[in-house]
Amino acid sequence: MVLEGTAQQGQFRLSKVRQNSEATQKKLNEFKKHQKMVRIEEENVSTMSKEVEKLSSVEKKLDELDRSPGEKAKRLVPKKARQDYEELQSEAKYGRESLKELGYKGQQDLQQQQSRMNTIEKTVVPWLEKEIKTHENNIIALNTVFNAIQQAIHSQEQAQQRHQFGGMRSININRSKNHGPELGH
């Protein structure tokens with residue numbers, strides 16, 4: 001029947017649209033994964049930069065305390081001055097360890113990473129955002145096409161059933177006409 005062939009074509013189209021939608025969703029997920037990686041890298045560089053500033057400030061204070069003879073003398077007797085100095089030393093040590101964990105290799109390395117992130121933010125991030133938006137819109141369009149084909153197949157199947165039911169009804173009507181009314185013998 002013509003309707004059966006059309007329904008099969010619709011099912012074929014439906015499977016193709018579903019495949020395209022799944023492939024587009026896969027690409028979208030990859031772009032979002034890359035976007036997340038960029039954000040994580042931005043956070044790492046930002047954290048590293050803040051840690052470097054903090055460490056620099058602590059080391060500057062330590063350096064000033066070490067260069068001042070009066071400050072050295074203060075640390076010999078009063079416990080509070082010695083404690084403050086030791087806390088600064090501990091903070092500096094912790095800062096260096098934190099930077100080491102973040103992969104900090106020096107000020108030049110940080111500047112290179114910041115420069116790289118600036119380039120990524122200007123070029124890659126807008127491109128990723130555009131690709132994500134495009135793929136999201138494509139998925140919406142494919143879902144719309146998928147739903148339309150699905151609805152058309154459903155309507156076609158209903159029409160086919162009505163046609164078959166109508167044909168059976170006419171057969172039953174014709175049978176009853178051929179037999180005529182049943183009269184008692």
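This is a predicted model: local features need pLDDT of at least 70, side-chain atom pairs count only at pLDDT 80 or more; totals for chains, interfaces and linings use all residues.
**Burial and surface.** Buried residues account for 23% of the chain's 185 residues. I then took the accessible surface, which comes to about 14100 Å². Carbon and sulfur atoms hold 52% of that surface.

**Fold.** I went through the secondary structure next. The chain has four helices and zero strands. Along the sequence I read the pattern α-α-α-α. I also checked contacts between residues at least 6 apart in sequence. Of these, 84% join residues at least 24 apart.

**Phenylalanine 31.** Is phenylalanine 31 buried or exposed? Phenylalanine 31 has 14% relative accessibility, so I count it as buried, the cut-off being under 20%. Then I listed its contacts, leaving out residues up to four places away in sequence. Phenylalanine 31 touches Trp127, Leu128, Glu131, Ile132 and His135. I followed up on one of them, isoleucine 132. Isoleucine 132 lies 101 residues from phenylalanine 31 along the chain. Their C-alpha atoms are separated by 6.3 Å.

**Helix H3.** I turned to residues 79-102, which form H3 with its 24 residues. From first C-alpha to last, H3 reaches 34 Å. That is close to the 34 Å expected at 1.5 Å a residue. Which residues of H3 are buried? I noted Tyr85, Leu88, Ala92, Gly95, Ser98 and Leu99. Last, I looked at what comes after the helix. Glycine 103 follows H3. The phi of glycine 103 is positive, near 90°.

Note on methods:
Residues are numbered from 1 along each chain as its sequence is written. Side-chain values use heavy atoms; hydrogens and water are left out. Helices (H or I, at least four residues) and strands (E, at least two) are DSSP runs, numbered from the N terminus. Buried means under 20% relative accessible area, exposed over 50%, partly exposed in between (1.4 Å probe, protein chains only). Contact means heavy atoms within 4.5 Å. Accessible areas come from the Shrake-Rupley method with a 1.4 Å probe; for residues, only the protein chains shown count as cover. The expected span of a helix is 1.5 Å times one less than its number of residues.
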